[in-house]
Amino acid sequence: MLTKVTLNHTDLSVSRLCYGTNMLGWMLDQGKSNAILDTFARLGGNFIDTARSYGDWMPDAPIGASERAVGAWLKTQKRDDFVIATKGGFFDMRVGDYRNRVTPDDVSADLAQSLDHLGVDAIDLYFLHMDNPESPVEPIVDALIAHREAGRIRHFAASNWAADRISAANAYAASLGKQGFVASETFWGLAVPDVGAAAQQGYVHYYEGEYEDLHAAGLPVIAYAAQSGGYFTKLAAGSVGEQLAARYADPANERRLAIVQSLAAKHGVSINEIALSYLLSQPNQTIAIFGGSSPEQVAESAKADALTLTAEELAALRNA
């Protein structure tokens with residue numbers, strides 16, 4: 001069974017592997033979505049990540065397709081058995097609204113839709129999907145606190161926020177005697193990105209520097225792109241696509257692959273298990289969001305929870 005931990009500074013008990021649902025409800029129909037979520041739950045997984053915008057890039061999919069698929073499945077389950085995270089404040093792709101929507105009014109509108117799509121009274125962990133760095137943190141934090149106190153969300157967190165903005169937001173919340181962001185959903189995996197190319201593809205604020213300081217101080221990191229798009233598995237097979245190759249065009253990755261292959265052989269596991277275990281074995285609280293388009297892929301990735309890499313193995317990978 002997947003290991004659970006209490007997310008720092010919360011009452012949320014979550015599996016260290018979180019299933020990311022961006023394919024549900026549009027690429028995968030409800031039946032396939034149910035089969036995947038059933039498998040994840042059977043393995044002990046209870047932490048599910050979605051977003052108000054997931055699926056909206058497909059014009060013929062329902063608005064909020066991923067949330068709707070999760071909500072439909074959740075109706076067949078005991079609600080309290082699962083920790084549901086979703087995100088708001090992203091672009092509204094359906095109407096071509098690409099202004100920055102991290103505003104109190106837009107977040108309120110997104111939150112109301114998320115509650116409806118998911119069919120829940122409250123969202124366990126509500127992320128701002130992006131930041132509005134031109135806005136002071138105070139009105140954003142005030143709005144989130146108001147939603148929490150109204151019972152619409154239990155905790156709130158940041159996704160794709162710079163570390164200094166998270167610190168500023170939490171300092172402001174503390175000045176009010178309130179809790180601020182309880183986690184950061186951060187771009188992080190074993191593969192080292194080409195920062196410029198990754199940013200062009202929407203992957204920003206890679207885990208390093210000040211994030212490491214926040215992490216060491218107790219802020220949980222919930223890593224997205226935790227499998228690096230399957231980069232090392234594909235690199236070993238000689239089948240890295242053009243977009244993925246551009247995102248991770250760093251010479252360190254060739255060196256890391258050699259160590260990954262050595263560790264996989266040593267432990268008798270897959271390359272993917274080493275990549276996920278790299279995150280799960282970190283000394284500070286880390287949750288890895290993983291994907292999978294079939295129950296078999298979910299079960300395969302879940303094996304990583306049983307492997308703990310040593311400090312020496314982590315250092316070998318990081319310093320390659």
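Just after helix α5, G177 takes a positive phi of about 75° in this predicted model.

**Helix α5 and R165**

Helix α5 covers residues 163-175. At 1.5 Å a residue, its 13 residues should span 18 Å, and the end C-alpha atoms are 18 Å apart, so expectation and model agree. The buried residues of α5 are A163, R165, I166, A169, Y172 and A173. An α-helix has 3.6 residues a turn, so residues three or four places apart point the same way. Among the elements that cover the buried residues of α5 are α4 (137-149), β7, β8 (184-187) and α7 (210-216).

The side chain of R165 makes a polar contact with the side chain of D131, at 2.8 Å. Leaving aside neighbours within four places in sequence, R165 is in contact with D131, N132, P133, S135, P136, V137 and I140.

**The barrel**

In what order do the 8 strands close into a barrel? The order is β3-β4-β5-β6-β7-β8-β9-β10, with parallel pairing. Neighbouring strands of this sheet are turned against each other by 30° on average, direction ignored. Strands of a sheet pair through backbone hydrogen bonds, either parallel or antiparallel. I123 stands opposite I153 in β7.

**The nonpolar core**

The largest nonpolar core holds 95 residues, of which Y19, F47, L125, W161 and F181 touch the most other members. Helix α11 (residues 271-280) supplies the largest share of this core, with 6 residues. For L125, the contacts beyond four places in sequence are L7, L12, F47, I84, A85, T86, H155, F156, A157, V182 and I222.

**Helix α2**

Helix α2 (residues 65-74) has 8 of its 10 residues buried and is therefore largely enclosed by the rest of the structure. The buried residues are A65, S66, E67, A69, V70, G71, W73 and L74. Their cover includes α1 (30-42), β4 (47-49), β5 (83-88) and α3 (104-118).

**Non-glycine residues with positive phi**

Two residues, H205 and S228, have a positive phi although neither is a glycine. H205 lies in the loop between α6 (195-200) and α7, whereas S228 is found in the loop between β9 (221-224) and α8 (231-237). Their values are set out below.

| Residue | Phi | Relative accessibility |
|---|---|---|
| H205 | about 55° | 36% |
| S228 | about 50° | 2% |

S228, at 2%, counts as buried because its value is under 20%.

Note on methods:
Residues are numbered from 1 along each chain as its sequence is written. This is a predicted model: local features need pLDDT of at least 70, side-chain atom pairs count only at pLDDT 80 or more; totals for chains, interfaces and linings use all residues. Side-chain values use heavy atoms; hydrogens and water are left out. A nonpolar core is a set of buried Ala, Val, Leu, Ile, Met, Phe, Trp, Tyr and Cys residues joined through side-chain atoms within 4.5 Å. Buried means under 20% relative accessible area, exposed over 50%, partly exposed in between (1.4 Å probe, protein chains only). Helices (H or I, at least four residues) and strands (E, at least two) are DSSP runs, numbered from the N terminus. Contact means heavy atoms within 4.5 Å. A polar contact is a pair of N or O atoms within 3.5 Å; within protein, one must be able to donate a hydrogen and the other to accept it, and residues adjacent in sequence count only if both atoms are side-chain atoms. Two strands pair if DSSP finds at least two bridges between them. Axes are lines fitted to C-alpha atoms, for helices over the stretch in contact, and angles run from 0 to 180 degrees between N-to-C directions. The expected span of a helix is 1.5 Å times one less than its number of residues.
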